[in-house]
Each structure stands twice: as C-alpha cells, then as structure tokens.
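User: Hi! Could you walk me through how this chain packs together?

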Amino acid sequence: MKPGITTLLLMVTFLFAPPGLADKGPAIKDYPAVQVADNVHVIHGPLGTPSPENQGFMNNPAFVITDDGIVVIDPGASVQAGEMLLRVIKKSSDKPVIAVFNTHIHGDHWLGNQAIRAGYPDVPIYGHPNMIALIEAGEGQAWVERMERLTDGKTAGTIVTRPDKAVDHGDSFSHGGLTFKVHHYGKAHTTSDLMIEIPERSIVFLGDNVLNDRIPRIDDGDIQGNIEACTHIMETGSHVYVPGHGPTGDAAVPETFRRYLDILYVTVKQYYDEGLSDFEMKDQVAEQLAAYTAWSGFDEQLGRHISLAYLQIEEADF
Ligand SMILES: [Zn+2]
C-alpha cells in the first residue's frame, strides 16, 4: 500500500523536527506540594538516585508566592520536572514566575530551568559564579547526558539553561515584600552552593548542604567545609529548614545531618591516627554511624565518604 498524505506529512515533520524534540521523554506525574510556611510550598521528590522509575525527579523544588509573583527554588532535573512544577504552581496561583534560584551545579536541581524560561522568557535565574563557570566549561551538558543515561532517556529533550545572574554570599533580593538572602560559605557540598534565607518567613532552603533521610554524594565537596556551612546556617536561628532531598523540618534537620558529617570525620581521623587504612576502618565507622543506616544511599556512599574523609585528613596533615 502506498503511504497516504498524512503519513508522508508525519514523516516530513519527524525528519525536520529540531534534534531532541521528536524523542522528548514522557511527562512526569504531578507530585503534591506541601505548604511549609506562609505561602511557601515544597514538592518533596522521592528519595533515591535518578532512575527510569523516578524519571530523574528526586529533589525538592520549591515556590514562594509573593505579592509580585512566584519565586522558584531548584526546578528539578529535567525539562519534564520544570513543566510539572509549573503545573503544580498553577494549582495554587495564577501569578507569573518572577525569579529562579539554583542552589548548586548538580543537574538534578536546575535542569528544569529550561521549562521556566520557556514559560517566562525574561525571568532572572540566580546562581553562584562558580556554577556558571562550571556550566560554561561543559559540566551542564555532562549533567544532561548523565540524567538521560540514568533514566533510560526519560529526560530526553532537556537542554542546558544556565543561571544568567551571578549571586554570592551577602546578596539580598526583595521580591513582593519578601527578602531573599543569599548564603555561601566556600566549598561545602560543592564549590557553588547557595542557601536562600527568607527572614520574614524564618525559613532557609539549604540545597544539598543538608539532606534528610538520604546520604548525599560528596565527591565534589569538602567535609569540614560542609560541617561549617551547616553551623553557619543554623546561626540564622530560622524555624524551618528545607533540605535538598528528604523531608522539611525544624533545626533538627541541619543538626542531624551535621552530626553525620561530624561522626564520619572524627571517627576516620581517630583510625587514621592509629594507622589504619580507609578500607580497614569501614566496619568501625559504620558502627559509629548506626543511626543513619536506614537513610537512603548509606551502603553505597559509606565507603566513598570514608575515602574522602581519609584523603582530606591526609591533606590537612601535610
Ligand atoms: Zn548535589
């Protein structure tokens, strides 16, 4: 049978579609948003690492409804995650998105920028200068490819949309009667971490400087620096803390995570001083961190965290 005109048209459309568009990955189902403070909402993504099942969506995108419009923090891992966030926002407010903050370079937090930009072409996207520099050096594209690989192509169609406004420690923005105060304390989870405080709501968005119920990768970070970042942010005396992954809570959230890093570092240091190598001390360190064994990723990350602590203790020793 000869192909009909419709079939031919479809073939032509397919052949000339921009790359990536024809095989865009499927939409992500709408997740519920929880109001964690007055007009502050968080979608708590599932725990775990990017997979075909979660379609790469596993962070905590947040939106703040101000008098002037919506401020978004970390719109997720893909164009699909950003589109889902916009749909969820619409259920609470018809106001436009007026600003986006990205907490750090890891793509599970910011690749959704693309969807926000598509809906709001002039929206400023704030990020740390080190994040912008890393993306310009190719790290953003590496994250696009990593996400597609880990999700079996579910994030396909995502393209790098980087922050266009560099912000750093001490910067402060006023949006619709609320202050968005930027905190950065040097190398912690990464070299590019921002924590965003809204003093009027006594709330802080911690990025991955703090996780709850999940153990992070710290391959790009510094354990002592991360401990210090936790200490500094708790000094704000805020009442509500939104981690990069896992449930929102009070000051116990950063406190509990800092304790994990503290115990890790102190225990590795103790056995390092006794002359043990990193792989010889794993059981003893695991025992000291028994309170965290149920956290997602504990078994996968423990060995890496011990090696990292060991390396950083060794470096501090010279
Ligand atoms: Zn991260």
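Predicted model: local features only at pLDDT ≥ 70, side-chain atom pairs only at ≥ 80, totals over all residues.

User: Which residues of the largest nonpolar core touch the most other members?

Analyst: Residues are numbered from 1 along each chain as its sequence is written. A nonpolar core is a set of buried Ala, Val, Leu, Ile, Met, Phe, Trp, Tyr and Cys residues joined through C-beta atoms within 7 Å, and buried means 20 or more other C-beta atoms within 10 Å of a residue's own, with C-beta atoms placed from the backbone. Among the 70 residues of the largest core, the ones touching the most other members are Val72 and Val204.

User: What does Val72 touch, not counting residues up to four places away in sequence?

Analyst: Touching here is a contact, with C-beta atoms, placed from the backbone, within 7 Å. With those sequence neighbours left out, the partners of Val72 are Phe63, Leu85, Val97, Val100 and Ile116.

User: How far apart are the end C-alpha atoms of helix α7?

Analyst: Helices are DSSP runs (H or I, at least four residues), and strands (E, at least two) are too, numbered from the N terminus. The expected span is 1.5 Å times one less than the number of residues. The 12 residues of α7 (223–234) should therefore span 16 Å, and the model agrees, with its ends 17 Å apart.

User: Which residues of α7 are buried?

Analyst: Elements covering the buried residues of α7 include β9, β10, β11, α8 and α10. The buried residues themselves are Ile223, Gly225, Asn226, Ile227, Ala229, Cys230 and Ile233.

Terms used: Buried ≥ 20, exposed ≤ 12 C-beta atoms within 10 Å, placed from the backbone. Contact = placed C-beta atoms within 7 Å.
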